Amino acid sequence: MKVGVLRERREGERRVALTPEQVVRLKGWGFTVYVEAGAGEGAFFPDEAYREAGAELLPSGAAVVQASDLILRLHSPSGEEIRAFPSGKTLVGLLQAWRHPEAIAALQEKGWTVFALERLPRITRAQSMDVLSSMAALAGYKAVLMAADHFVRVFPMLTTAAGTLVPARVLVIGAGVAGLQAIATARRLGAQVEGYDIRPAAKEQVESLGAKFLPLTLDGSGEGTGGYARELTPEEQARQREALAQYVARADVVITTAAVPGRPAPKLLTAAMRKAMRPGSVIVDLAAETGGNCEESVPGQTQVLDGVTLLAPVNLPATLPVHASQMLARNFTEFLGLFRQKEGSPALHTRDEILQATCLVWQGEPITQTA
Ligand SMILES: NC(=O)c1ccc[n+]([C@@H]2O[C@H](COP(=O)([O-])OP(=O)(O)OC[C@H]3O[C@@H](n4cnc5c(N)ncnc54)[C@H](O)[C@@H]3O)[C@@H](O)[C@H]2O)c1
């Protein structure tokens, strides 16, 4: 198989879908790898490193697409790019297909096959390919660093000749991948950390990181299918906000990461709850891109409201391009391992649960997805 890697063109994007290390693995499997010149520059992987790993460098994205059977790309290509594409290739990426239906439709018209890795099922066999978890872990880590940077006090308890400084109180709402990494990072910085999630199973994980689990109970379980949270009813959400309010008010830093797959982010923090926080406190809303856990969040913006800093960062993993690219490249390569196992089989997308869940278009035919 001929695999092509394109330079990412989205503003601020510094990651790349394949690193030289993973080129070596693909070459070992007998794949040919084409890389667009400069593709790894933002993540400090020079063209020379790809060449040494066995890739062939091509001067333009168009040349890479022409030469390859399968293209790796983080973001959906633009309409202009797709118009110039030849027909009948395969795209694998973290495409956020639900946000770019027009790009998927255009690829379909060109007779392409499209796999969107944000649709990977969170099953054990797919863990090594789980791009969303890789990126969420980095985002959880970075969210805490941003909070510490904007906070007007220190995180750890400091005993100095000038007196003892009390540690910051950090509350992390949503204890999935990003939330647990945020808890671990805040603990490492010496903060007093509390965590909360509607899935009862999260309690043990929060506590194992040395944080306290908030003693809030729902009527009924917050767990839905497949180990994920379910979407709460409006009444349950209102009760949840009421119960959370006192913990939010006394926190110095609140990091929100609550998400329900395929649904807009649950609104957990109202303007009134933010107003009850002390001036100088910080909120980081990691769910801004899917609607936000805080009703006042504006994606990509930092606001100071009555002295409380509210950050709603997007694409945080792009600020850690080296490790983010390493993780993505590993995830993508593992995914391509499925193609290697099933190469040559007709209707390959039906031959494996993971390929089935991620395939949106097969040779120009839309695949109906149930979730
Ligand atoms: N800003 C960025 O750069 C960036 C990067 C990566 C991920 N994210 C976002 O971070 C968020 C978390 O990602 P993740 O991979 O950790 O998701 P995840 O599914 O692993 O975790 C989400 C958690 O939220 C919990 N939850 C759902 N509804 C809740 C509620 N009402 N109250 C409390 N908890 C609730 C779930 O039980 C789950 O544990 C997502 O919104 C994701 O899009 C942002």
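Why does P156 count as partly exposed? With 14 C-beta neighbours inside 10 Å, P156 falls into the partly exposed class, given that a residue is called buried if 20 or more other C-beta atoms, placed from the backbone, lie within 10 Å of its own, exposed if 12 or fewer, and partly exposed in between. The structure is a predicted model, in which local features need pLDDT of at least 70 and side-chain atom pairs count only at pLDDT 80 or more, whereas totals for chains, interfaces and linings use all residues. Residues are numbered from 1 along each chain as its sequence is written.

P156 lies in the loop between α6 and β7 (158-160), where helices (H or I, at least four residues) and strands (E, at least two) are DSSP runs numbered from the N terminus. Apart from neighbours within four places in sequence, P156 is in contact with P167, L189 and G190, contact being defined by C-beta atoms, placed from the backbone, that lie within 7 Å of each other. P156 and R187 are 31 residues apart along the chain, and their C-alpha atoms are separated by 8.8 Å.

In helix α1 (residues 20-28), the residues P20, Q22, V23 and L26 are buried. Seen down the axis of α1, its buried residues fall within an arc of 150 degrees, so they line one face of the helix; the arc is that of the directions from the helix axis to the C-beta atoms. G30, which follows α1, has a positive phi near 90 degrees. A positive phi also occurs at F44, with a value of about 65 degrees although F44 is not a glycine. F44 is found in the loop between β2 and α2 (47-53) and counts as exposed, with 12 C-beta neighbours inside 10 Å. Q96, in the loop between β5 and α5, has a positive phi near 45 degrees and is likewise a residue other than glycine; Q96 is partly exposed, with 15 other C-beta atoms within 10 Å.

A further open sheet has seven strands in the order β11-β10-β9-β12-β13-β15-β14, again with mixed pairing. Its edge strands, β11 (212-213) and β14 (302-305), each pair on one side only. Strand β9 (residues 169-173) runs parallel to β12 (residues 253-256), and four bridges join them; V170 stands opposite V253, and L171 has V254 as its bridge partner. Helix α7 (residues 177-188) packs on the sheet, touching β9, β10 (192-196) and β12, and its direction makes about 170 degrees with that of β10.

On its other pairing, β12 joins β13 (residues 282-285) in the parallel sense over four bridges, with V253 opposite V282 and V254 opposite I283. In β13, V282 and V284 point one way and I283 and D285 the other way, and all are buried. Strand β13 also pairs in the parallel sense with β15 (residues 308-311) over three bridges, where L311 is the bridge partner of V284.

Around the ligand there are 35 residues, of which A136, A139, G174, G176 and A229 come nearest; a residue is near a molecule if its C-beta atom, placed from the backbone, lies within 6 Å of it. Helices α6 (131-150) and α7 each supply at least two residues of this shell, and α6 gives the most, with five residues. By class, the shell has 24 nonpolar, eight polar and three charged residues, where Ala, Val, Leu, Ile, Met, Phe, Trp, Tyr, Cys and Pro count as nonpolar, Asp, Glu, Lys and Arg as charged, and the others, Gly among them, as polar.

Methods
Two strands pair if DSSP finds at least two bridges between them. Two residues are in contact if their C-beta atoms, placed from the backbone, lie within 7 Å. Axes are lines fitted to C-alpha atoms, for helices over the stretch in contact, and angles run from 0 to 180 degrees between N-to-C directions.
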